[in-house]
Amino acid sequence: MNISKRMLQIGESPIRKFNKYALEAQKKGKKIYRLNIGQPDVETPQCFMDAIKHFQSKVIAYSESGGEVDLQEAIASYFKGYGMDYAKDDIMVTTGGSEALSMVFTSVLDPGDNVVVAEPFYTNYNTFITAACGTVSPITTKAEDGYAYADRELIEKAINDRTRAIVCTNPGNPTGRVLTPEDIRLICEVARDNDLWVIADEVYREFVFDGNDITSFGMFPEFADRVIIVDSISKRFSACGARVGCLVSKNADIMECAMKIAQGRLSCATLDQVGAAAMYRMDPSYYDGMKAEYESRRDAVYHELSQIPGIVCSRPGGSFYIMAKLPVDNVEDFLMFLLTEFDDNGETVMFSPAEGFYATPGLGRDEIRIAYVLNSDDMRRGAELIRLGLEKYNSR
């Protein structure tokens, strides 16, 4: 029986495909520091649980396809706190940010169209773009340059007559790159001049370090007709399993397209939306404590990684990921060594090989992505295990 060609083009997740080897190592008694996946260990705010506990209806009914009104209003109020004026109808509640991305790519792409994305990029962009019968047109960035890409010439080299959108993650996953207001304006101007959508993935909005201000593509009203924001409670509130996100835009056409898909899938989970609304209404001081915690983790892992001879690694300005180029030819082979042959006092570590974060074949084979989602002591130990593992791997 037939399997669609586009599904055969979608590869395994570089974030999850080594899990089976980690499980086998754990069965043998090894402790593994899992730095491969963006699953924070920070507690989900108690107000989420309390809101669900106090849910009064005797029937858990379908939500509205666009989302619970209470949650839409809570999200609108949250954006207003950053000076962005979005109405309820500008906000579509989705099943995580992933569904928002899928809705957007389905809405803007025809077969053979492409989307410009700076590589390395969040690997599921390729999954959702390919599923929507499109392709990635990559802007190739370099570790040595801190993965910078806000350059008109660099961006326009990736644009052709089948390009329909530019995707930006800000702050970046996997690079931790933070776009400045000047960067955002330049990208929007390129999009305007080439009649493209700007898809802004801002699920790490609060994770901006070193005293820098939060910036958003929604802070530029002159480009509001082409900006589509994708957001989520997963990282901001450490609620990955709740699966609540949103698609935000003042463009009525894109919101109408998204609603057609939303009506087809009926609704998002009602109780998760109830809990999400409570978190969006927390005092903004919550974000200060959370940001300070992740900045401490970043500093811990960056300092330890910097002790590795031959590494190329920049201090990320945001999100909770760090990319590093290691002195090896193939980090997948190195990771297999860590999981199957190496341990230090019964402990080892895993990360995400970076090749799967690139669209250009052959790139990323010597790079890794680390998620600094564990406490600072564990992050130091995880990075130390990478260093110790490299010493043994390269001396074989």
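**Helix packing, a cavity and backbone details**

Biologist: At what angle do helix α4 (residues 69-80) and helix α10 (residues 270-280) pack?
Modeller: In this predicted model, local features need pLDDT of at least 70, side-chain atom pairs count only at pLDDT 80 or more, and totals for chains, interfaces and linings use all residues. Residues are numbered from 1 along each chain as its sequence is written, and side-chain values use heavy atoms, leaving out hydrogens and water. The axes (lines fitted to C-alpha atoms over the stretch in contact, angles between N-to-C directions from 0 to 180 degrees) of α4 and α10 lie 9 Å apart. The packing angle is about 25°.

Biologist: Roughly parallel or oblique: how are α4 and α10 set?
Modeller: Under 35 degrees counts as roughly parallel, over 145 as roughly antiparallel, 65 to 115 as roughly perpendicular, the rest as oblique. The two helices (DSSP runs of H or I, at least four residues; strands are E, at least two) pack at about 25°. So α4 and α10 are roughly parallel.

Biologist: Which α10 residues does α4 meet?
Modeller: Contact means heavy atoms within 4.5 Å. From α4 come D70, L71, A74, I75 and Y78. Their partners in α10 are Q273, A276, A277 and Y280.

Biologist: How many nonpolar residues are in the contact of α4 with α10?
Modeller: Ala, Val, Leu, Ile, Met, Phe, Trp, Tyr, Cys and Pro count as nonpolar, Asp, Glu, Lys and Arg as charged, the others, Gly among them, as polar. One residue is polar and one is charged. The nonpolar count is seven.

Biologist: Left-handed or right-handed: what is the crossing of α3 (residues 46-53) and α10?
Modeller: α3 and α10 pack at about 135°, axes 8 Å apart, and are therefore oblique. Left-handed means the near helix is turned anticlockwise from the far one by less than a right angle; clockwise is right-handed. The crossing of α4 and α10 is left-handed. That of α3 and α10 is right-handed.

Biologist: Which α3 residues make the contact with α10?
Modeller: The α10 side has L271, D272, V274, G275, A276, A278 and M279. By class, the contact has nine nonpolar, one polar and one charged residues. The α3 side has C47, F48, A51 and I52.

Biologist: How many charged residues are in the contact of α11 with α13?
Modeller: Helix α11 (residues 285-305) and helix α13 (residues 376-394) cross at roughly 20°, with axes within 8 Å. The α11 residues include R297 and E304; α13 residues include R380, E384 and R387. Six residues of the contact are nonpolar and two polar. The charged count is five.

Biologist: How much space lies in the largest cavity?
Modeller: A cavity is a set of points on a 1 Å grid over the protein atoms alone where a 1.4 Å probe fits but cannot get out; lining residues have an atom within 4 Å of a point. Points join across faces, edges and corners, and volume is the space filled by probe spheres set on them. The search finds one cavity of 30 Å³ or more. The space is about 140 Å³.

Biologist: Which strands each supply at least two residues of its lining?
Modeller: The lining has 17 residues, and those closest to the centre are A118, P120, Y149, T169 and T175. By class, ten are nonpolar, five polar and two charged. The strands are β3 (114-119) and β5 (163-169).

Biologist: What is omega at the cis peptide bond of N170 and P171?
Modeller: P171 sits in the loop between β5 and α8 (181-193). Another cis bond joins E119 and P120, with omega about 5°. For N170 and P171, omega is about -10°.

Definitions and conventions. On a 1 Å grid over the protein atoms alone, a cavity is a set of points where a 1.4 Å probe fits but cannot get out, and a pocket is an open set with protein on both sides within 12 Å along at least five of seven lines; lining residues have an atom within 4 Å of a point.
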